[in-house]
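Here is a guided walk through a structure.

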Amino acid sequence: MHADLLAGTPSEPVLLGSECRECGTVTFPRQSACPRCTSTDVTERRLARRGTLWSWTIQRFRPKSPPYTGPEAFEPYGVGYVELPGEVRVEARLTESDPAKLEIGMEMELTLVPDAPFAFKPVT
Amino acid sequence: MSDDVAVIGLGIHPFGRHPGVSGLEMAAHAARAALDDAGLRWDQIDFAAGGSDAAGNADTTVSVLGLTGVPFINVKNGCATGGSALITAHAMLCAGSADVALVVGFDKHPPGAFNPLPEEWGIGSWYGESGLMMTTQFFAMKIQRYMAQHSISESTLAKVASKAFENGALNPNAWRRQPLSEDEVLASKMVNDPLRQYMFCSPGEGAVALVLARGEKARGRRPVLLRSAVFKTRRFGSFEVFSPSIPVHDGVSPTAEAAAAAFEQAGIGPGDVDVAQLQDTESGAEVMHLAETGLCEDGEQEQLIQSGATRIGGRLPVNTDGGCLANGEPIGASGLRQVHEVVLQLRGEAGERQIPGPARVGFTQVYGAPGVSACTVLTT
């Protein structure tokens, strides 16, 4: 697991974010200052593992390398922002790439995948 | 008023692909054309600013234009490069530090999507390695949510693109000059849902230069007044490209803030605008920027665009030169291309694409990574 981004276990990974002690703002990944109130009094926060899909798209062409390091044989993949309630909206690869199976508002859960440090999958 | 700042010269190098012509050569071509248009020589310019994202330092054009000792500031500010050069010159003129200024923006990008490196944007390498460092994804996700919230149809996205190519066909300096119907746009392949191939602009090449002047010098041939030029970066809560996370509470976008300030400084409202140039890196951007700039309400775009109001003969013509969709996106040149087009329209010199109605007030808005926006208000 990517130690800067994740904690927990492979079967129950957790994203590591920051929380501002002054204004409560949550960010991901961890950062040393608050983007809202500029305070440097921030602490690590383990983010919720479940949230709802805020928006999404399907990446249908292979991104250029660098920076992309995925397989040469390209398969389209889903990308979205998942809103962790009351915390933050996190951008991530999605395990689902069929547009018919993605809908704003659907419930998503953090998981690990081969081609990215983390991803979200629909909760079935 | 003697404090007025006016655009008195326009120069452009055609957009598109120009093998064997460097970005700096295109910049010098545009600069010469702008000087000719203003009826001035290079040694009469007492301030210059300009830049490109990927095609070199603007000030090296002096070796071609002439070594006159002019103070020349290089700008490298992403998609706001042209806008930043413009506000720099505007501020120098307003401050009385110069009387006649030249601004130039140019670029030359290889084919295909941009491939920025996350490390240069303050993001971990994992972000690019896992295929998230894509401007196209951001645009797609922003319009995907906007369509759901404000009932914008796929047909409206296609009509924006179709209009751009219709206008591009009338513009001799445009790259894409073949009209495409709404059906042809909708038949192109899906790239980043809900955006299709012909709904995206492509990185390209081109250059634009403007001559600005103040006071007595601003009274030349057909001056168009630059009433305001405002540049803003993002605030907390704005949804921007290259964001590994965004706050759960929505904030005001840099475009909304820059547009409001530009209108306020000009003492002119969005309802007075006769012609507008909005950043249309893809169809969705034009739709959303219409509302962010205050030119319409959220959701009103569906009716506006379906009714043809944003076409050249409509109530609010938008991107009359074909925008980024038909001209491509040479990053450093785009913001100044918008001003170039609005000045042409306000002069009544836009040829086949001249808007039929009154052309007294024009507006431009350029937007880019990682959340910058520059807006101008221009009047006759």
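This is a predicted model. Chain B and chain A bury about 3,300 Å² between them, and carbon and sulfur atoms give 61% of that area. The size of an interface is often given as the accessible area lost when the parts come together. In terms of residues, 38 from chain B are in contact with 43 from chain A.

What polar links cross this boundary? There are 21 residue pairs in polar contact between chain B and chain A, both residues being at pLDDT 80 or more. Two salt bridges are counted between the chains. One of them joins the side chains of B:Asp250 and A:Arg89, at 2.9 Å from N to O. On the chain B side, the elements that give two or more residues are helix H4 (125–129), H5, strand S5 (190–192) and strand S9 (245–247). The largest share, seven residues, comes from H5(B).

Look at that helix next. H5(B) covers residues 135–150. At 1.5 Å a residue, its 16 residues should span 22 Å, and its end C-alpha atoms are 22 Å apart, so the two agree. H5(B) is mostly covered, with 13 of its 16 residues buried. After the helix comes B:Ser151, whose phi is positive, near 55°.

Helix H12(B), residues 331–347, can be checked by the same rule. Its 17 residues should span 24 Å; the end C-alpha atoms are 26 Å apart, which agrees. Is H12(B) enclosed or open? It is largely enclosed by the rest of the structure, because 17 of its 17 residues are buried. B:Gly348 follows H12(B), and its phi is positive, near 80°.

Now the strands of chain B. S4(B), residues 100–108, is mostly covered: eight of its nine residues are buried. S4(B) pairs with two strands described here. With S2(B), residues 47–51, the pairing is parallel, over five bridges. There B:Ala48 has B:Leu102 as its bridge partner. With S7(B), residues 205–214, the strands run antiparallel and nine bridges join them. B:Val100 is bridged to B:Ala213 in S7(B). In a regular strand the side chains alternate between the two faces of the sheet.

B:Leu86 sits in helix H3(B), residues 81–94. Its relative accessibility is 3%, so B:Leu86 counts as buried. What does B:Leu86 contact, leaving aside its neighbours within four places in sequence? The list is B:Val103, B:Leu210, B:Leu212, B:Leu226, B:Leu336, B:Val339 and B:Thr376.

Finish with the charged pairs. Over all chains, the whole structure has 30 salt bridges. A:Glu19 and A:Arg45 meet in one, at 2.8 Å from N to O. This pair links distant parts of the chain: A:Glu19 is in strand S2(A), A:Arg45 is in strand S4(A), and they are 26 residues apart. A:Glu19 counts as partly exposed at 25% relative accessibility, and A:Arg45 does at 24%.

A:Glu107 and A:Arg50 form another salt bridge, at 3.5 Å. Here A:Glu107 is in strand S8(A) and A:Arg50 in strand S5(A), 57 residues apart. A:Glu107 is partly exposed at 39%, and A:Arg50 is partly exposed at 37%.

In chain B, the side chains of B:Arg41 and B:Asp43 meet at 3.1 Å. B:Arg41 is exposed, at 52%, while B:Asp43 is partly exposed, at 48%. Elsewhere, salt bridges that share partners join A:Arg49, A:Arg50, A:Glu107, A:Glu109 and A:Lys121 into one network.

Notes. Residues numbered from 1 in each chain as written. Chains lettered and ligands numbered in written order. Predicted model: local features only at pLDDT ≥ 70, side-chain atom pairs only at ≥ 80, totals over all residues. Heavy atoms only, no water. Buried < 20%, exposed > 50% of the residue type's maximum accessible area, 1.4 Å probe, protein only. Helix = DSSP H or I, 4+ residues; strand = E, 2+ residues; numbered from the N terminus. Pairing = 2+ DSSP bridges. Expected span 1.5 Å × (residues − 1). Contact = heavy atoms within 4.5 Å. Buried area = accessible area lost by both parts, 1.4 Å probe. Salt bridge = Lys/Arg side-chain N within 4 Å of Asp/Glu carboxyl O. Polar contact = N/O pair within 3.5 Å; in protein donor to acceptor, adjacent residues only side chain to side chain.
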